[in-house]
Amino acid sequence: MNKAIPMGATRINQRLKHFPRRHLLLASTIAVSIMGLMALLPSGDVEARRNEIPMSIDAFQPQEATSELTSTVTTPGSSPFVSNQNSNQSETAIKKEVEQDAEAKALAKAAYDLEQKLGKWHNVTIKSGDNLSVLFNSQGLNASVVYQVANTPKYGETLASIRPGESLEFRINQEGTLTQLRYVKSRLESIFFNREDDGYQAELVTLSPEIHPTYASGTIESSLFLASQKAGLSQNLTMELAGIFGWDIDFVQDIRSGDSFNLLYEEKYLEGEKLGDGDILVASFTNHGQTYTAIRYTDSNGDTDYYTPDGKSMKKAFLRTPVDFTRISSRFNPNRLHPVFKTKRPHRGVDYAAPMNTPIKAAGDGRVQFSGWQNGFGNVVFIQHPNNVVTVYAHANKLAGLKKGQKVRQGQTIAYVGKTGWATGPHLHYEFRVNGVHRNPVTVKLPDAAPIAKSEMANFRKKSKLMIARLEKHRETLLATQ
Ligand SMILES: [Zn+2]
């Protein structure tokens, strides 16, 4: 059977990348539907709410290489402020205050000592055209230091790929020796170099953002796009939400005023600053009075997907359309006149006109049966799927270089649109064969993707219950405060 494939940020990012080329008219594919909701003109009022849940989980604290930093402890009773007449309670409070004061002083002293020994930090933002020699030179460091640092075991070579916008933080002591260097690649990742007796040692320092589960909900008056904007959701998150429900709901044709959604998703923070959104954990969408609920679940193989509360996949086993097309140039038609030969020849697939080199995606998980040249089809890919389904992708300009027998996953690029073989213009000729019989790819009933495996069911049910309860609790809390 089909294996569930992760449907996460990567796919959404891919959608975003192709987003500007999409056309609104063709609403039959999910991808196009997603674009459509972005394009709908906002009008009217939208009611939407959002609240943040102050719930932070294990933030990784950055560590300075300051093992010298230790706090001194004050001796109790030695303070002149402590009087025997005080009650025990206030005595403790004063003691604590004195200790804290002493600790702060000790820390300040240690920081001062360290600065005397290692030097002050100096931060340089890398600009376009900068290189290590120039940057080091600007700090009064010569070529031999550059050489030494760049040859630091393990991480020295990372300095060869510095990029504009990143920064270098130098620490140089009074003798002009580079004692420490920090190569800051991002808010979450830096490489720390420390001078030791026999040259530099480096380590990778990564920080984990705090994850704040966040609740959002909205009711649609005109468009999902506007409602989700009011709810505080980013475009990315909106597209992800639409992607989850896009197999059941056509976001261009089916959205009605009064439709509503609510979801729990992750927000990532570092030191109180929002870095971005994480995953949608659980979401529900009510369309025409019917409510769909999706729970994010990662199975024991590490595969993540969204499922209904009873463990069915939110997806179909096949994409309806394996290419972002501009129009259908020829429909499935068993009695068609062939455009080149002008004789009666059945058209056993559907032709999707699309610009040259538009990526062609595998409609479902499967194995490559053939990838190469065939008379008439030109460059063509055949994919064998479970349950005797074969899909065919013809007239490609280029193939993605897949080998026979190779596994492909739904949405994977397998070729690029062209007009090789008997074709009058760039298009994808797509066939859907069940037990060797050609079916109309536009109307054939598509099977659901694989549900939760039996071995995962107990785990999934627990998680599913918990997540739905959390979602419901937030929704009720919000209703109660309205
Ligand atoms: Zn065709």
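Which residues have the most contacts inside the largest nonpolar core? In this predicted model, they are Leu241, Ile244, Leu263, Ala283 and Ala294. The core itself has 37 residues. Several elements build it. β7 (210-219), α6 (224-230), α7 (235-245), β8 (260-270), β9 (273-287), β10 (290-298), β11 and α8 (457-481) each supply at least two residues. Helix α7 gives the most, with six residues.

Take Leu241 as a way in. Leaving aside residues up to four places away in sequence, Leu241 touches Ser228, Phe261, Leu263, Ile280 and Ala283. Another core lies apart from the largest one. This other core has 30 residues, including Phe325, Phe382, Tyr393 and Ala449.

Now turn to the sheet. Five strands make up an open sheet, ordered β2-β3-β4-β5-β6, with antiparallel pairing. From one strand to the next, the twist averages 20 degrees. Strands β2 and β3 (residues 167-172) run antiparallel and are joined by six bridges. Here Asn123 stands opposite Glu169 in β3. A helix packs on this sheet: α5 (residues 143-150), which touches β4 (178-186), β5 (189-196) and β6. The direction of α5 makes about 55 degrees with that of β6.

Finally, look at a loop. Lys315 lies between β11 (304-307) and β12 (327-330). Is Lys315 buried or exposed? Lys315 counts as buried because it has 26 C-beta neighbours inside 10 Å, and the cut-off for buried is 20 or more. Lys315 and Pro447 are 132 residues apart in sequence, yet their C-alpha atoms are 9.2 Å apart in space.

Technical notes: Residues are numbered from 1 along each chain as its sequence is written. This is a predicted model: local features need pLDDT of at least 70, side-chain atom pairs count only at pLDDT 80 or more; totals for chains, interfaces and linings use all residues. Helices (H or I, at least four residues) and strands (E, at least two) are DSSP runs, numbered from the N terminus. A residue is buried if 20 or more other C-beta atoms lie within 10 Å of its own, exposed if 12 or fewer, and partly exposed in between; C-beta atoms are placed from the backbone. A nonpolar core is a set of buried Ala, Val, Leu, Ile, Met, Phe, Trp, Tyr and Cys residues joined through C-beta atoms within 7 Å. Two residues are in contact if their C-beta atoms, placed from the backbone, lie within 7 Å. Two strands pair if DSSP finds at least two bridges between them. Axes are lines fitted to C-alpha atoms, for helices over the stretch in contact, and angles run from 0 to 180 degrees between N-to-C directions.
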